[in-house]
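The sequence and structure are shown first.

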Amino acid sequence: ALYQEIAKVAQAQKTPTDKINTITSLLAEKITYLSNMQTIKGAIIPQSLEMVAHTRLGDCKDFSMATATILDSMGFTTKIALVQRGEHEMPWPNDLPGPGHFNHAILKVELPEKDLWIDPTNFVSMANHIFPDIAHKKALVLDIKKSSYETIPAIKAQDNRVVRNEVLDMRQANKLDLKGTLHLLGN
């Protein structure tokens, strides 16, 4: 029921990116993200969608599976992808993927005009952009018929920026008000 409710709200959106952003935003509101540092029974295997909906807890595999399931029900083509998330590149002895080369599950959404690389665990929903921690990284795209080893597109710093404007109000004792804007720029 949780995933059907999210799909219904997302379906009302006009564009594919708005639909995806709605799904990832609502999942983030309803499910608490457990990072790679915490263990979930099964370790490298996602929990069942029923368990995630029941406990309201999930890691990157669970968020990616839930997002893919909702998008697939809406007619999108999705594939889970494994990537080495982080700001720094890990040196690999060769170009072949290995079990130690990946620490994060994301989603590849195949649209007619372009592929979108979605990290449903990120702190903001930004389907039409690629975050720096996965940009220009090798990804193992999982497909039951034919998996592939792909490179996530690079980003240009001048075209992809986070512009944050924060105003802190500390005039009242024991109270901190934070107001501001966040602009995510890029293509």
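## Cavities

Which residues lie nearest the centre of the largest cavity? In this predicted model, they are Ile118, Asp119, Met126, Ala127 and Phe131, which belong to a lining of 15 residues. The space in this cavity comes to about 80 Å³. The structure holds two cavities of 30 Å³ or more.

Rolling a probe the size of a water molecule over the atoms shows where empty space is left. By class, the lining of the largest cavity consists of nine nonpolar residues, five polar ones and one charged one. Two elements, helix H2 (16–30) and strand S5 (115–118), each supply at least two residues of this lining. The most comes from H2, which gives three residues.

## Packing of H1 and H2

H2 also packs with helix H1, which spans residues 2–11. The angle between H1 and H2 is about 145 degrees, and their axes are 9 Å apart. The crossing of these helices is right-handed.

On the H1 side, the contact is made by Leu2, Tyr3, Glu5, Ile6, Val9, Ala10 and Gln11. H2 contributes Lys19, Thr22, Ile23, Leu26, Leu27 and Lys30 to this contact. Sorted by class, the residues in contact are eight nonpolar, two polar and three charged.

## The five-stranded sheet

What is the order of the strands in the open sheet? The five strands run S5-S4-S3-S6-S7, and the pairing is antiparallel. S5 and strand S7 (148–151) are the edge strands, each pairing on one side only. On average, neighbouring strands of this sheet are turned by 35 degrees against each other, direction ignored. S5, an edge strand here, is also one of the elements that line the largest cavity.

Helix H4 (residues 60–73) lies across strand S3 (77–83) and strand S4 (104–110). H4 runs at about 15 degrees to S4.

## The S6–S7 pair

Strands of a sheet pair through backbone hydrogen bonds, either parallel or antiparallel. How many bridges join strand S6 (residues 138–141) to S7? There are four, and S6 and S7 run antiparallel. A hairpin of six residues leads from S6 to S7.

Lys138 stands opposite Thr151 in S7, and Ala139 stands opposite Glu150 in S7. In a regular strand the side chains alternate between the two faces of the sheet.

Terms used: Residues are numbered from 1 along each chain as its sequence is written. This is a predicted model: local features need pLDDT of at least 70, side-chain atom pairs count only at pLDDT 80 or more; totals for chains, interfaces and linings use all residues. Side-chain values use heavy atoms; hydrogens and water are left out. On a 1 Å grid over the protein atoms alone, a cavity is a set of points where a 1.4 Å probe fits but cannot get out, and a pocket is an open set with protein on both sides within 12 Å along at least five of seven lines; lining residues have an atom within 4 Å of a point. Grid points are joined across faces, edges and corners, and a volume is the space filled by probe spheres set on the points. Ala, Val, Leu, Ile, Met, Phe, Trp, Tyr, Cys and Pro count as nonpolar, Asp, Glu, Lys and Arg as charged, and the others, Gly among them, as polar. Axes are lines fitted to C-alpha atoms, for helices over the stretch in contact, and angles run from 0 to 180 degrees between N-to-C directions. A crossing is left-handed if the near helix is turned anticlockwise from the far one by less than a right angle, and right-handed if clockwise. Contact means heavy atoms within 4.5 Å. Two strands pair if DSSP finds at least two bridges between them.
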